[in-house]
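Hi,

Here is the structure I promised to pass on.

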Amino acid sequence: MSDDFHRIRRLPPYVFAEVNGAKAKARAAAEDIVDLGMGNPDSPTPPHIVAKLVEAVQDPRTHRYSASKGIPGLRKALANYYARRFNVQLDPETEVVATLGSKEGLANLAQAITSPGDTILVPNPSYPIHQFGFIIAGASVRSIPHTPDEEMLRAIDRAVRHSVPAPTALIVNFPSNPTALLADLDFYREVVAMARKHGFYVLSDLAYAELYFGDKIPPSILEVPGAKDVAVEFTSMSKTYNMPGWRMGFAAGNRKLIAALTRVKSYLDYGAFTPIQVAATAALNGPQDCVAEMRTLYRDRRDLLVKGLKQAGWDVPMPEGSMFVWAPIPERFAHLGSVEFSKLLLAKAKVAVAPGIGFGEYGDGHVRIATVENAQRIRQALRGIRSFLAADNGGPAPGSGDGGPSTDTSAELVRA
């Protein structure tokens, strides 16, 4: 029956489900699987944030409906964060709205600003909601290169000149999920200039703003003079403060876009539970040493994982940010594609990763590995991977017709 629904027909099969099903089956058989697939932080939320939640929930007045756009103190706290971190001034009343995580904000903004047939520019590979939030809203998505460089800028220029209709919006996401790439302010200056010249909006996903490991500190697109004329930016408490299940995020920037998102949200939700908003305010206004500790934790895990993979014979790039390693599939397994390679890694090494094709067809030569387990578990994963790579697990030869992604699944993904 679901095939009768137009919006559902535009969604391909959920490619992560195949790997997740194999993972669940293995665990049901009492196999110990090290799960590095989902970007789900394993560390607890800092105690002072939890304490504020407990304090707020004791007040029965907080049990009523909350404010869809976010309580005033929370929106002011986010504006103060932007002032401290990026030297960007925001009006908490007109340029900030709280969201139920950045994913909800992106999806609802897509509903607010998209007409059927609109053209949206999305890097490929990228986080699925960047593409499918707009596909669900009825737009046509045009893929562009995922690297923040001249290649992407040239692709944007081509799209502006040749897309019919001209692009309504461009998505950027740096530090990137899944590729872990960072952009600099010069890149954002070029993007903003193009958006102002050609009349499209820029939606920046900055969920990993505080996960960086070197001297290159991720900027905000809103730092560019004039950016608020064309850009809105999404941030999240999930990774910065280990609050993924709390579902607390923000959109900030262009007043017209913020007003559109706020209006749509007013019909759909009453905002996050007030004690969660109070605790999020305490997180933004309180001591930030927990953020530095989180950054150190992920840097150490990154170093352990990348070094171990290279010692095992799997050469992967060292990410400068995010909690992910975007790993090219080893050459002798490349013919399998990312889904079958992920399933093989699960079966033989007892390690779960995310197949790259889940982030777009141009991700099929990679898998995404999340540093969401402690050092002991990462070492266990590395032992399994080392044994797997040392054995003859190459699978069928290219062109054998066995072992690669099924034709039906591939066709569905291309159609999307």
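Glu104 is found in helix H5. Before going further, keep in mind that this is a predicted model. Is Glu104 buried or exposed? Its relative accessible area is 15%, and the cut-off for buried is under 20%, so Glu104 counts as buried. Leaving aside residues up to four places away in sequence, Glu104 touches Thr99, Lys265 and Asp269.

In strand S8, the bridge partner of Thr99 is Gly249. Strand S2 (residues 96-99) and S8 run antiparallel and are joined by four bridges. On S8 there is also strand S7 (residues 231-236), paired in the antiparallel sense over five bridges. One of the pairs to look at there is Glu233, which stands opposite Ala252 of S8.

How covered is S8 itself? Mostly: five of its five residues (249-253) are buried. Side chains in a regular strand alternate between the two faces of the sheet. In S8, Gly249, Ala251 and Gly253 point one way, while Phe250 and Ala252 point the other way, and all are buried.

Zooming out, the sheet is open and has seven strands, in the order S2-S8-S7-S6-S5-S3-S4, with mixed pairing. From one strand to the next, the twist averages 20°.

Two helices to look at against this sheet are H5 and H7. H5, the helix that holds Glu104, lies across S2, S5, S6, S7 and S8 and runs at about 150° to S7. Helix H7 (residues 150-162) lies across S3, S4 and S5, at about 145° to S4.

Then there is helix H6 (residues 128-136), which is mostly covered, with eight of its nine residues buried. Which ones are buried in H6? They are Pro128, Ile129, His130, Gln131, Phe132, Gly133, Phe134 and Ile135.

H2 brings me to the last item, a helix pair. Two packed helices are described by the angle between their axes and the distance between the axes. For H2 (residues 16-28) and H13 (residues 337-349), the angle is about 10° and the axes are 10 Å apart. Angles under 35 degrees count as roughly parallel, so H2 and H13 are roughly parallel to each other. The crossing of H2 past H13 is right-handed. On the H2 side, the contact is made by Glu18, Val19, Ala22 and Lys23, and on the H13 side by Val339, Glu340, Ser342, Lys343 and Leu346. Sorted by class, the contact of H2 with H13 has four nonpolar, one polar and four charged residues. An α-helix has 3.6 residues a turn, so residues three or four places apart point the same way.

Cheers

Technical notes:
Residues numbered from 1 in each chain as written. Predicted model: local features only at pLDDT ≥ 70, side-chain atom pairs only at ≥ 80, totals over all residues. Heavy atoms only, no water. Axes fitted to C-alpha atoms, helices over the stretch in contact; angles between N-to-C directions. Parallel < 35°, antiparallel > 145°, perpendicular 65-115°, else oblique. Left-handed = near helix turned anticlockwise from the far one by under 90°. Contact = heavy atoms within 4.5 Å. Nonpolar A, V, L, I, M, F, W, Y, C, P; charged D, E, K, R; others polar. Buried < 20%, exposed > 50% of the residue type's maximum accessible area, 1.4 Å probe, protein only. Pairing = 2+ DSSP bridges.
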